[in-house]
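Please open the model in your viewer and keep the selection panel at hand. The stops below go from one selection to the next.

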Amino acid sequence: MKAFSLNRRLILAVVASQLLLGAGLVLVGTSFSKHYLRRAFDVFLQGRAESMAALVYYRDDGVPGLLFNNAKIPPSRHRVHKDLFLVQSDRDNLLRYSPGFDPAMLGRIPANARFWRFHYKGAPYRAIILRKVGILDTEEGEPLPLPTLTVVYAAPTMDIDQQVSMLGVTIGLVSLLVLIPTLILAVWSIRRALTPLNDLVAAASTVSVDRWSFEPSQEARSTRELKPLIDAMQTVLSGLEEAFTRQREFLGDAAHELKTSLAILKSTLQRLLNKPREREEYERGLAIMNGDCLRLERLLNRMLQSARAEQRIAKGHEQEPEPVEVAATCEGALARMAQFAAERDVRLEFIPEGEATVRAEAADLELIWLNLLENAVQYSPRGSVVTVKVCAETGMAKVSVLDQGCGIEAAHLPHIFQRFYRADSSRARATGGFGLGLAISKSLVDFYRGRIDIESAPGRGTCVTVELPAEPGARGEGGGSRDRAASISR
Amino acid sequence: MRVLVVEDEERLAQNVAAILRDNALCAVDVAPDGEEGLFMACSSPYDLLILDLMLPKLTGLQVLKSYRAEGNNSPVLILTARDEKEIVVKLLNAGADDYLTKPFDLGEFVARCKALMRRGKGEHSPVIQAGPLEVDTVKRAVQVNGVRLSLTAMEYRVLEYLALRRGALVSKMELLEHLYDYNWEKFGNVIEVYISGLRRKIEGASGVKVIQTVRGLGYALRLEGEVTEKERG
């Protein structure tokens, strides 16, 4: 698409409207003036014709008859093209006419018409025809009735046309003259009016992946038309920045985690190769590196799980999942955790206080419980108990995982759901954690529109509670399921 | 030479320490976090500091800044998993001498450590000469008039330290501090044993006396007739 300039368009619009206005003024002005000048001309013609009629008088000095006062013929207005007239009595006893306006012309006058236009000696003329005009200048005792008169008076109309075109030209010129300051004013005010827009463009063009701050000028922000756009842009940009920063942090952390794991593996291998060693030393080294590889594999799996959980939140629900019994998924997770717990001499306890069903993928729920259980078992001392409680509260299914471990300091709690966050990195590595379990759980819980809370104090153990919206009507009746309480341990 | 490794990944720290002990014949101390690292770095004279960037308690950058603020000028090598330009620039500007990104090659790591320690002592060439004596710090070989001497590991370390501080007066205490790690009981007469062993081997091969004893002050690797600043003063 061809780019167009808002500035130029606005200026063009101003010029066009100005020209249109000028043309309109010329048109209206000329037609009105033409009309009024014609009217005035006709009045003038009528006056002249009537005065011509008034020059006819009746005299009875021996030979009675009509006379015409030649001396009082009014002068022509035009010096070259003289006025033409013709006065004729109905009884043919008087006929006066100006030179060149002979009675033959009478025949050409359209019958009954009051006005008549014609050309004479190359000039346009307009004539008025007065019929049956009475003689005014009479004396007493004259024989009645007197004849009536037909008066024709014509004058050149060039003056009208000239005046009209003069007026048109004048109006046109004036409009053109006015156009210049209007244009200057328009350019200035359009520039001025577009300043906030230009500011906005300038502010927007400074936004980049490295610099997210979008601060348009105060002028742009106080422009009513731009405010919704600015608000929308700011919302989008801050969202983008957050997502971008989170992604970058995740990438940085993931890279750090992978590189560190790889550095350990590589340095172990190179140390082993550094000098000739005994067979047992090689075997021990290889076993250690095998463990490192397994750990790397677990790390990669965890990172993929985390990425997938985040991606699902971004995509949203494709279709509503089937209702799943929460207690069953907990039992599944507990069964999978049993061996790990037994290795660490931690007892797992399951207390289903109520039944609840939620609409979720069973595998997702199991993954949430597994992550929470893994953390709980990892940070639990030998011989302690990890408890999983399920209960149903008003519209929510509630699952709590409690441990008797070392607890978490309050300063770490706000960050505990961040990916790769570990309250104590050296300890976490020794216990095999990556700092992803809680983050994955939170992503999944968010995905199912639930909430996850953590309560902990150093030395007092940790309790993680997950609440998920329960499927209505499927709530258990409290103690009824207590007989299912089982202690899964070895 | 004595090195402090500040690294929270215990396995990595142990690997790095072992390779430095084996391949650079250094005494190595390990600190598991920034706080302890800074304390150890400031309380003992190290010839090289190896510092991880992401450390618990104090970050590598904080340790580095405090270490330099205390007026220590030993070389510092940073280990980092992040290699963004800004971070590298920030590190170098804060007083780091070199950096390596994880995962690194142990061979390169050792070479960089040796170069840093050498330069920390004002020596640019890896081969140091004093009359007929030639100490190759890369091959860890000592020659007298082109004939290779066979030295024990401790004898070599004493000689290498004296060679890197060629001409300077080195006290027995300095030798002890720079050749043994934190856990060692320090006995001065151990040094005398190594020095006499070195003298016997070098003088036996060349007939020239290169290790001088300054009574009550210490030792110096130099030819007879050269005098140190300290003695003159």
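**The interface between the chains**

Begin by selecting both chains: between chain B and chain A there are 10 residue pairs in polar contact, both residues being at pLDDT 80 or more, where a polar contact is a pair of N or O atoms within 3.5 Å, one able to donate a hydrogen and the other to accept it within protein, with residues adjacent in sequence counted only if both atoms are side-chain atoms. This is a predicted model, in which local features need pLDDT of at least 70 and side-chain atom pairs count only at pLDDT 80 or more, while totals for chains, interfaces and linings use all residues. Residues are numbered from 1 along each chain as its sequence is written, chains are lettered from A and ligands numbered from 1 in the order in which they are written, and side-chain values use heavy atoms, with hydrogens and water left out.

Next, select Arg11(B) and Asp292(A), which form a salt bridge whose closest N and O atoms are 2.6 Å apart; the rule (a side-chain nitrogen of Lys or Arg within 4 Å of a carboxyl oxygen of Asp or Glu) finds 2 salt bridges across this interface. Colour α1 (10-23) and α5 (106-120) of chain B, each of which supplies at least two residues of the side that touches chain A; helices (H or I, at least four residues) and strands (E, at least two) are DSSP runs, numbered from the N terminus. The most comes from α1(B), with 8 residues.

**The sheet of chain B**

Select β4 (residues 76-80) of chain B, which runs parallel to β5(B) and is joined to it by 4 bridges, and then Thr80(B), which stands opposite Thr101(B) in β5(B).

**The sheet of chain A**

Finally, move to chain A and its open sheet of 5 strands, ordered β9-β11-β12-β14-β13 with mixed pairing. The edge strands are β9 (347-352) and β13 (451-456) of chain A, each with a single partner strand. Select β9(A) together with β11 (residues 385-393) of chain A, a pair that is parallel over 6 bridges, and find Glu349(A), whose bridge partner in β11(A) is Thr387(A).

Terms used. Pairing = 2+ DSSP bridges.
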